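Biologist: Please take me through the ligand surroundings in this model. I would like one close, connected look.

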Amino acid sequence: MPVNADSDAFEADRPSESDTALPINELFYSLQGEGKLSGVPTVFVRTSGCNLRCWFCDSYHTSWEPTHAWMDVEDILDEIASYDAEHVVLTGGEPMIHDEAVELLNRLGDRGYHTTVETNGTIYRDAHIDLASISPKLQSSTPTADRDPMGDGDWADRHEQQRIDIDALAALVDGYPSQLKFVVTDREDMTEIETLLSRIRGAATAAVPAEDVLLMPEGTTRDELDRTRTAVADLAMEYGYRYTPRLHVDLWNDAPGT
Ligand SMILES: C[S@@+](CC[C@H](N)C(=O)[O-])C[C@H]1O[C@@H](n2cnc3c(N)ncnc32)[C@H](O)[C@@H]1O
Ligand SMILES: Nc1nc2[nH]cc(C(=O)O)c2c(=O)[nH]1
Ligand code: SF4
Ligand SMILES: [Mg+2]
């Protein structure tokens, strides 16, 4: 069981008849908007609940104010099968806080789907994962009182303590094909990214080549990305890492289900 006090809150309204249910915030068909598989038609399964609270979280209703319907793994698989797609992304919230994520991923693997897990990298689980899309959270994500959407900064210490787990990051990199996708708010993030990469390289057996490191501009709307993307693209060239767009935001702005 991962260390996550929020799991208890989710147990409270779990349906008693099922032990293979997941709290689902949304399930939709779109194009993968981020990372190496950008542009690939994909079914997205978004679980609710997170062990972190990034101030900029673009999925507010999975973290700061979680909402969900409980769905059995069997029903999730049926709904995925109703779309003509080979790729499935399991995201959140933080999908790895849920034990049942393993069953869903393994069943998807058995059915021949390509599975990507979007994760903040704080929890390792053994499951069928074709691409671990790891987005470690930098200090610039911490919800200090001036940036907290709730306005009080109550989560800042807990977020700061939990946001990096080098053992979990190394296990993910060693266990699965992976990409490290950093949300960049500012040039100042680069020092922390460089330090973190050397810590991961020191702890992992697998190599972490620069081509697996992606810089993604912070922004939940087209207007916000208009202000951040060029500077992040310049940083990618300067440091020799990849740039990833947020294709879904470019195409559909912040519309739900995209
Ligand atoms: C909502 S998170 C869910 C998965 C997992 N909790 C995580 O953070 O990786 C999905 C992706 O969106 C990114 N993200 C969230 N808010 C963002 C923002 N305002 N700008 C850019 N990327 C953002 C995260 O870093 C992550 O790569
Ligand atoms: N189109 C699209 N691509 C995505 N890639 C990762 C996403 C996520 O929220 O994890 C996401 C998302 O929300 N939409
Ligand atoms: S870790 Fe992911 S889901 Fe959780 S608050 Fe940060 S961006 Fe949102
Ligand atoms: Mg998203």
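Modeller: Start with Thr91. One of its polar side-chain atoms lies 2.6 Å from an oxygen atom of ligand 2. This is a predicted model: local features need pLDDT of at least 70 and side-chain atom pairs pLDDT 80 or more, while totals for chains, interfaces and linings use all residues. Residues count from 1 along each chain as its sequence is written, chains are lettered from A and ligands numbered from 1 in written order, and side-chain values use heavy atoms, without hydrogens or water.

Gly33 places a backbone N or O atom 2.9 Å from a nitrogen atom of ligand 2. Ser30 brings a polar side-chain atom to 3.5 Å from a nitrogen atom of ligand 2. Alone, ligand 2 exposes 320 Å², and the protein buries 93% of that (Shrake-Rupley, 1.4 Å probe).

The shell around ligand 2 (residues with a heavy atom within 4 Å) includes Leu31, Gln32, Glu34, Phe44, Arg46, Glu118, His248 and Thr258. By class, the shell residues are 2 nonpolar, 6 polar and 3 charged, with Gly counted as polar. The space that ligand 2 takes is the largest pocket. β1 (21–31) and β2 each give two or more residues to this shell (strands are DSSP E runs of at least two residues).

A pocket here is an open set of points on a 1 Å grid, where a 1.4 Å probe fits, with protein on both sides within 12 Å along at least five of seven lines; lining residues have an atom within 4 Å of a point. A molecule sits in it if more than half of its atoms lie within 2 Å of its grid points.

Ligand 1 also takes space that is the largest pocket. It has 22 residues around it; Phe56, Gly93, Ser135, Lys137 and Glu218 come nearest. The shell splits into 5 nonpolar, 9 polar and 8 charged residues.

Lys181 has a side-chain N or O atom 3.2 Å from an oxygen atom of ligand 1. A polar backbone atom of Gly219 is 3.0 Å from a nitrogen atom of ligand 1. Ligand 1 taken alone exposes 540 Å²; the protein buries 95% of that.

Last, the record. An unreviewed UniProt entry lists Cys50, Cys54 and Cys57 under "binding site". From this set, Cys50, Cys54 and Cys57 are in the lining of the largest pocket. Cys50 lies in the loop between β2 (41–47) and β3 (69–72).

Technical notes. Polar contact = N/O pair within 3.5 Å; in protein donor to acceptor, adjacent residues only side chain to side chain. UniProt positions renumbered as here; feature names shortened; annotations may be inferred. Helix = DSSP H or I, 4+ residues; strand = E, 2+ residues; numbered from the N terminus.
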